[in-house]
Amino acid sequence: KVALECRHISLSYGATPVLRDVNLKIEPGEFFALLGPSGSGKSTLLRLIAGFNRHQAGELLVDSQDISTVPPHARNIGMVFQNYALWPHMTVWDNVAFGLVERRESRDAIRRKVGEALELVGLSQYAQRRPAQLSGGQQQRVALARTVVIEPKLLLLDEPLSNLDKQLRVQMREELKNLQRKLGLTTIFVTHDQEEAMTTADRMAVLDGGVLQQVGSAAGLYDYP
Ligand code: ADP
Ligand code: ADP
């Protein structure tokens, strides 16, 4: 379990400021929700933490170490996207195994870890299917398994439930919460759905126009539109 801290982080695309002096501290094992309207900079902040965007000012600290110059693959941060981003030509098993194969883990370790990850998300029987043969919820479970199998220090969830229908979203947010608790992973969950944030997160904040507006407990943010 690691702590994450953003100190005075600013980022512009060209002359357009997108994140303005963002200060945020997330505790080890905390489930933190980041709310905000479309275009407010939520994805940009997540991508910055993952190492795909570079900030022009400020510090990004994991357990008090500045990781600003650490390349994405060396950060060991897991990210799950709205569109799942699975490899369509690969089986579920191979999708989940991919990161471990890249790391050249042993065949035994890969078999064990992939088996465990699929069991964790309830997809053991689907190992030989391809993503197109699964429902949206199942595809998102594969994406989760593929991310947690590498044992990331931090879990970043970028609107992972937005492509699912309402009923499934409610079910999946429970699953997400349970998975996060079980693994004890420090997690940032980006969503534009306040109810989703309230029902999953320990704390949350609102990003608006690149400015982090409020940070507090779920109950303290009831006035968010
Ligand atoms: P959110 O995730 O809250 O919807 P984003 O972080 O995707 O917001 O985008 C924040 C702002 O930055 C938007 O105005 C968007 O148009 C702009 N933006 C995002 N990515 C880029 C990019 N690669 N180049 C230029 N502008 C971008
Ligand atoms: P390789 O021969 O490529 O080293 P394995 O012998 O571990 O890989 O597995 C071959 C294939 O069998 C894997 O790609 C996977 O699709 C499938 N497989 C292996 N173990 C399991 C399992 N416990 N459950 C479901 N499928 C499995």
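The model is predicted, local features need pLDDT of at least 70, side-chain atom pairs count only at pLDDT 80 or more, and totals for chains, interfaces and linings use all residues. Residues are numbered from 1 along each chain as written, ligands are numbered from 1 and chains lettered from A in order of writing, and side-chain values use heavy atoms, without hydrogens and water.

**Exercise 1.** Describe the polar contacts of ligand 2 (pairs of N or O atoms within 3.5 Å).

*Solution.* 
1. A polar side-chain atom of Arg111 lies 2.7 Å from a ligand 2 oxygen.
2. For the side chain of Gln128, the distance from an N or O atom to an oxygen of ligand 2 is 2.8 Å.
3. For the side chain of Asp94, the corresponding distance is 3.2 Å.
4. Of the 550 Å² of accessible area that ligand 2 has on its own, the protein covers 48% (Shrake-Rupley method, 1.4 Å probe).

**Exercise 2.** Determine the strand order of the open sheet and locate its edges.

*Solution.* 
1. The four strands (DSSP E runs of at least two residues) follow the order β2-β1-β4-β5, with antiparallel pairing.
2. Pairing requires at least two DSSP bridges; β2 (16–26) and β5 (65–66) each pair on one side only and are the edge strands.
3. Strand β1 (residues 4–13) joins β2 through seven antiparallel bridges.
4. Within this sheet, Cys6 stands opposite Leu24 in β2.

Notes: Polar contact = N/O pair within 3.5 Å; in protein donor to acceptor, adjacent residues only side chain to side chain.
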